[in-house]
Amino acid sequence: MDYRLLGRTGVEVSPLCLGTMMFGAWGNKDVNDSIRVIHHALDAGINFIDTADVYSDGESEEIVGKALKGRRDDVVLATKFFMPMGKGPNHGGGSRKWIMQSVEDSLRRLGTDYLDLYQVHRPSAGMDVEETLGALSDLVRQGKVRYIGSSSYSGSQIVEAQTAARDGRLARFVTEQPPYSILVRGIEEDVLPTTQRHGMGTLTYSPLAGGWLSGKWRKDAAPVPTSGARPKARFNMESPANQHKLEVVDALARVADDAGITLIELAIAFVINHPGVTSAIIGPRTMEQLLSQLPAATIKLSVETLDRIDEIVAPGRTLNPDDNSYGANELVPEARRR
């Protein structure tokens, strides 16, 4: 497996990052089986693991911690904070108060004394980014965190954070984690060019578009139940946008067949073939799913195949706005001029 620099950090990571959202109550409830999946991913050459405190209410971090006993130093370990972790008003968000508490909780669950990458799961609409960066900078100075990153930031929010870090002489976000797949290409127009200009690593999530590009949802197939962790609107088959996605998936399946690879391999290879993408986060729940995704790490798509994909889904286009995970704060009624 070829490794890539994580932005300008000098750290090398695998083109596939093992996402662990589906380990624990949200997905695979068998702890030992989840650990076997993690170990197989490491043995296959993946050295990058991404989790979050909110995944299965901390259980995902605990499973990762158990799996990494004796192997911690071989892994670039990333986790995230921000989502609510309790009923109180200060058990989430990007405040200094919550960051200082959440990092200790994540370190304990993961069984480690440092994090390689600590990421803000979402931007804070009503708070200065300087507060978040200031707290994270202190964690870097304390040695509890090596690098910091953002997730689901818009292009303008990325620039704002980079400028604030420079002006305040604070630690800067060295990575961004946006959604990206053949069906969700919005970041090509703004986010990817922005991260490239600022020398950031980009770890994209949901390369299979929440399962749409796994082959589970096809025009003639019976409905498949979805994880409770995923927004229902993304899988409402009565939606015209989702009906169009079914047609697109059938067309992409034909492209994959002509290329001699599976639809899953096509989807993941498409993401990591973009020069602005450092690593694609895959989120297998089972060993079977992991084995179906690993071959994509070494697939180079031909120009002809990439051109056919562009004809089916134009660059920069997201077929269903419900598949985006950023921009919501800007579009609420009170933020619009009406």
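**Ground rules.** I'm working with a predicted model, where local features need pLDDT of at least 70, side-chain atom pairs count only at pLDDT 80 or more, and totals for chains, interfaces and linings use all residues. Residues are numbered from 1 along each chain as its sequence is written, and side-chain values use heavy atoms, with hydrogens and water left out.

**Whole chain.** I looked up 11 helices and 10 strands in the protein chain; these are DSSP runs numbered from the N terminus, helices being H or I with at least four residues and strands E with at least two. The radius of gyration is 19 Å, close to the 20 Å from the globule rule for 338 residues, so the chain is as compact as a globular protein of that length. For that I used C-alpha atoms, and the rule is 2.2 Å times the number of residues to the power 0.38. The C-alpha box along the principal axes is roughly 55 × 55 × 40 Å.

I then checked burial: 55% of the 338 residues are buried. Buried means under 20% relative accessible area, exposed over 50% and partly exposed in between, with a 1.4 Å probe and protein chains only. For contacts (heavy atoms within 4.5 Å), I took pairs at least 6 apart in sequence, and 79% of these join residues at least 24 apart.

I also noted the charges: 38 side chains are positive and 43 negative, with the centres of the two sets 3 Å apart. Lys and Arg count as positive, Asp and Glu as negative, while His and the chain ends are not counted. Each charge is placed at NZ of Lys, CZ of Arg, CG of Asp or CD of Glu.

**Ser-102.** I found Ser-102 in helix 3, residues 96-110. Its relative accessibility is 1%, so I put it down as buried. What does its side chain pair with in a polar contact? The partner is the side chain of Tyr-118, at 2.9 Å; a polar contact is a pair of N or O atoms within 3.5 Å, and within protein one must be able to donate a hydrogen and the other to accept it, while residues adjacent in sequence count only if both atoms are side-chain atoms. Leaving out residues up to four places away in sequence, Ser-102 touches Asp-53, Phe-81 and Tyr-118.

**Helix 8 and Thr-278.** In helix 8, I got 10 of 10 residues buried, including Glu-265 and Phe-270. Thr-278 sits in the loop between helix 8 (263-272) and strand 10 (279-282). Thr-278 is buried too, at 7% relative accessible area. Beyond four places in sequence, its contacts include Arg-4, Val-13, Pro-15 and Thr-202.
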